[in-house]
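Student: I have not worked with this structure before. Please take me through the terms used for it and show what each one rests on.

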Amino acid sequence: MKLNQLNGCQEHNQFPVGDLLVSACDKCRRVEWRSRDGEVDPSEGMAALFGSFELVGTLDALGSPAPEVLVYAPPSVRKRRNLLAFPKRVWVKAAPDLWLTHDGENLLLATNHRLLFENLTRGA
Ligand SMILES: [Zn+2]
């Protein structure tokens, strides 16, 4: 996807999380990962925000971008706040082949990419 394809969005709000600025859009479903030095790789962003989250189960979710949804619980209330950088109950594309949302309590991930799925389920 090209940078100028914002699907009608004029600009995206940036949500500060630690050293990162995350913009996750509930309209065009894009996620941008940034730091003071510029763009951040999505996998680094995911690791920074959610690396300490624990896989607690899977869901068969209707309406998700993939048939199976991985459920991750935050290790603390403080870490749970990282979820607030993302729209609740709206799937956004956190990385190539990786969709993300949350319900205010747990992180929900969906992917059709088999290798990524296995990496995720193996635990960080
Ligand atoms: Zn947007």
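Student: Where is proline 74 found?

Tutor: Proline 74 is in the loop between β6 and α2 (77–80). Keep in mind that this is a predicted model.

Student: Why is proline 74 called buried?

Tutor: A residue is buried if 20 or more other C-beta atoms lie within 10 Å of its own. Proline 74 has 20 other C-beta atoms within 10 Å, so the residue counts as buried.

Student: Which residues does proline 74 touch, apart from those up to four places away in sequence?

Tutor: Proline 74 touches Phe53, Lys79 and Arg80. Glycine 51 is 23 residues from proline 74 in sequence, and their C-alpha atoms are 9.5 Å apart.

Student: How many helices and strands does the protein have?

Tutor: There are three helices and nine strands. From the N terminus they run β-β-β-β-α-β-β-α-β-β-β-α.

Student: What makes β6 and β9 a pair?

Tutor: Two strands pair if there are at least two bridges between them. Strand β6 (residues 68–73) and strand β9 (residues 107–110) are joined by four bridges, so they meet that cut-off, and they run antiparallel. Within this pair, valine 69 stands opposite alanine 110 in β9.

Student: What is the order of the strands in the open sheet?

Tutor: Five strands form it, in the order β5-β6-β9-β8-β7, with antiparallel pairing.

Student: Why are β5 and β7 said to stand at the edges?

Tutor: β5 (54–60) and β7 (92–95) each have a single partner strand, so one side of each has no neighbour in the sheet. From one strand to the next, the twist averages 35 degrees.

Student: How do you know that β3 and β4 pair?

Tutor: The cut-off is at least two bridges. β3 and strand β4 (residues 38–39) have two bridges, so they count as a pair, in the antiparallel sense. Serine 35 stands opposite glycine 38 in β4, and a hairpin joins β3 to β4 through two residues.

Student: What joins β2 to β3?

Tutor: Four bridges join β2 to β3, and the two run antiparallel. Serine 23 stands opposite glutamate 32 in β3. β2 and β3 form a hairpin with six residues between them, and arginine 29 in the turn has a positive phi of about 65 degrees.

Student: Which residues of α1 are buried?

Tutor: Gly45, Met46, Leu49 and Phe50 are buried in α1.

Student: Why are the buried residues of α1 said to line one face of the helix?

Tutor: Seen down the axis of α1, they fall within an arc of 100 degrees, so they line one face. These residues pack against β1 (15–17), β2 (20–24), β3 (31–35), β6, β7 and β9. Helix α1 (residues 42–50) lies across β6, β7 and β9, at about 100 degrees to β7.

Student: Which residues have the most contacts inside the largest nonpolar core?

Tutor: They are Ala24, Phe50, Ala94, Trp99, Leu100, Leu107 and Leu109, in a core of 23 residues. At least two residues of this core come from each of β2, β3, α1, β6, β8 (98–102) and β9. β9 gives the most, with four residues.

Student: What is tryptophan 99 in contact with, leaving aside its neighbours within four places in sequence?

Tutor: Its contacts are Pro65, Ala66, Trp91, Val92, Lys93, Ala94, Leu109, Ala110 and Thr111.

Note on methods: Residues numbered from 1 in each chain as written. Predicted model: local features only at pLDDT ≥ 70, side-chain atom pairs only at ≥ 80, totals over all residues. Axes fitted to C-alpha atoms, helices over the stretch in contact; angles between N-to-C directions. Contact = placed C-beta atoms within 7 Å. Buried ≥ 20, exposed ≤ 12 C-beta atoms within 10 Å, placed from the backbone. Arc of directions from axis to C-beta. Core = buried A, V, L, I, M, F, W, Y, C linked by C-beta atoms within 7 Å.
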